[in-house]
Amino acid sequence: VPRARKLLSSAMISAAMLQSPGLAPQASAAMQRRLTERLRDIESLLSDLSVLSSLKSDPADRVSFTEIVRSAVRGADALPLHIADIKAEIPEDEIFVRSPRTALSASVMSLIRNAAEAHATEIRLSLSSSDGMASVVVADNGDGMSDAVSRRCTEPFFTTKDTGTGLGLAIVSGTAKLSRGTLRLESREGAGSVFMLSLPLAHSM
């Protein structure tokens, strides 16, 4: 996998440089940070590959979309990224959908991570249900995407970033299709993006 080779090569270069005699403390600290970032990216890549490969084999369970979104918002604090502010609107009542639990959890976290990696200073997340569908919307004021990038952003391993796995939005798209839902995107370069993941309510299937 080209993406894996690139991340591994970067990690090996950083590790080799750390062994250089006479490396200045400041340069050593920078190399250590870079090595840690690359190892974290490799770990994320392996995790995302596992989720993507299990999409067709994992059963679609009746799961609480509400709890999955709540958990993702709580887990966002542990992301190795700078997130200025997440404003979440999550209803108190449980909203149930039928979807592979692991893939759906990874999908919501991927939408948050994607916004953070786009250098957003504010991320707005909301969960609602209407007309037999449950929808989570993640809007950010980050970099946004060109039309060309928007058309390809859900392709596996497609990325315009130096970090990340290139699999996050592919997982979201795959989860939507497997759950008989939809993934919609509105984005404008320099003005942020809005993703909407909609899934049928469990009782309506």
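What follows is a chat about salt bridges, one serine and a helix pair in a predicted model.

Visitor: Hi! What should I know about the model before we start?
Guide: It is predicted, so local features need pLDDT of at least 70 and side-chain atom pairs count only at pLDDT 80 or more, while totals for chains, interfaces and linings use all residues. Residues are numbered from 1 along each chain as its sequence is written, and side-chain values use heavy atoms, with hydrogens and water left out.

Visitor: Great. How many salt bridges does the structure hold?
Guide: There are six, a salt bridge being a side-chain nitrogen of Lys or Arg within 4 Å of a carboxyl oxygen of Asp or Glu.

Visitor: Which residues are linked in a network of them?
Guide: Glu-67, Arg-70, Arg-74 and Glu-94 are. Arg-74 pairs with Glu-67 at 3.0 Å, N to O, and Glu-94 pairs with Arg-70 at 3.2 Å, N to O.

Visitor: Where do Glu-94 and Arg-70 sit in the chain?
Guide: In distant parts, 24 residues apart: Glu-94 is in the loop between strand 2 (86-89) and strand 3 (96-99), and Arg-70 is in helix 3 (residues 65-75). Helices (H or I, at least four residues) and strands (E, at least two) are DSSP runs, numbered from the N terminus.

Visitor: And how accessible is Glu-94?
Guide: Glu-94 has a relative accessible area of 39%, so it counts as partly exposed. On this scale buried means under 20% relative accessible area, exposed over 50%, and partly exposed in between (1.4 Å probe, protein chains only). Arg-70 is partly exposed too, at 22%.

Visitor: Switching topic: is Ser-193 buried or exposed?
Guide: Buried, because its relative accessibility is 4%. Ser-193 belongs to strand 7 (residues 192-200).

Visitor: Which side chain does Ser-193 join in a polar contact?
Guide: That of Ser-187, at 2.7 Å. A polar contact is a pair of N or O atoms within 3.5 Å; within protein, one must be able to donate a hydrogen and the other to accept it, and residues adjacent in sequence count only if both atoms are side-chain atoms.

Visitor: Last one: how do helix 3 and helix 4 cross?
Guide: Their axes come within 9 Å and cross at roughly 45°, helix 4 being residues 101-117. Axes are lines fitted to C-alpha atoms, for helices over the stretch in contact (heavy atoms within 4.5 Å), and angles run from 0 to 180 degrees between N-to-C directions.

Visitor: Which residues meet there?
Guide: Among them are Phe-65, Ile-68 and Val-69 in helix 3, and Leu-104, Val-108 and Ile-112 in helix 4.
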